Amino acid sequence: MLVTFEVFNRLKYIDMKQREEGAAAIRIDLRGGVITVYHGVGGHKLETFDAYDGAWNMIWDGIRNAKNNNNE
């Protein structure tokens with residue numbers, strides 16, 4: 001599902017000079033070729049999609065991109 005990865009791609013357009021003041025948590029599981037994103041506190045499913053080759057790496061790329069942009 002490309003919509004999920006588009007969220008990560010938008011991170012490069014966020015103003016990384018303004019610190020996020022909120023709080024949030026998610027859990028991401030990869031099992032049996034399916035990625036499921038759960039709410040970190042309530043535990044309910046937020047998103048489920050087939051994990052095609054490279055999908056898990058794309059998630060990590062988005063996380064690293066947010067971290068690296070923050071260090072500029």
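User: What is the bridge partner of L30 in β2?
Analyst: The partner of L30 is I35 in β2. Here a strand is a DSSP run (E, at least two residues; helices are H or I runs of at least four), numbered from the N terminus. This is a predicted model, in which local features need pLDDT of at least 70 and side-chain atom pairs count only at pLDDT 80 or more, while totals for chains, interfaces and linings use all residues. Residues are numbered from 1 along each chain as its sequence is written, and side-chain values use heavy atoms, leaving out hydrogens and water.

User: What is the strand order of the open sheet?
Analyst: The sheet has 3 strands in the order β1-β2-β3, with antiparallel pairing. Its edge strands are β1 and β3, each pairing on one side only. From one strand to the next, the twist averages 15°, with axes taken as lines fitted to C-alpha atoms (for helices over the stretch in contact) and angles running from 0 to 180 degrees between N-to-C directions.

User: Why is T36 called buried?
Analyst: Buried means under 20% relative accessible area, exposed means over 50%, and partly exposed is in between (1.4 Å probe, protein chains only). T36 has 9% relative accessibility, so it counts as buried. T36 lies in strand β2 and touches R27, I28, D29, K45, E47 and T48, not counting residues up to four places away in sequence; contact means heavy atoms within 4.5 Å.

User: What makes E47 partly exposed?
Analyst: Its relative accessible area is 25%, so E47 falls in the partly exposed range. E47 lies in strand β3 (residues 45–50). E47 and I28 are 19 residues apart in sequence, and their C-alpha atoms are 9.4 Å apart in space.

User: How do you know that R27 and D29 meet in a salt bridge?
Analyst: A salt bridge needs a side-chain nitrogen of Lys or Arg within 4 Å of a carboxyl oxygen of Asp or Glu. The R27 and D29 side chains meet at 2.9 Å, N to O, so the pair qualifies. The structure holds 2 salt bridges. R31 and D29 also form one, at 3.9 Å, N to O. Salt bridges that share partners join R27, D29 and R31 into one network. By accessible area, D29 is buried at 16%, R27 is partly exposed at 41% and R31 is exposed at 61%.

User: Why is the charged end of R27 said to sit over the ring of Y38?
Analyst: The rule asks for NZ of Lys or CZ of Arg within 6 Å of the ring centre and within 35 degrees of the ring normal. The charged end of R27 is 4.0 Å from the centre of the Y38 ring and sits over it, so the distance falls within that limit.

Notes
Two strands pair if DSSP finds at least two bridges between them.
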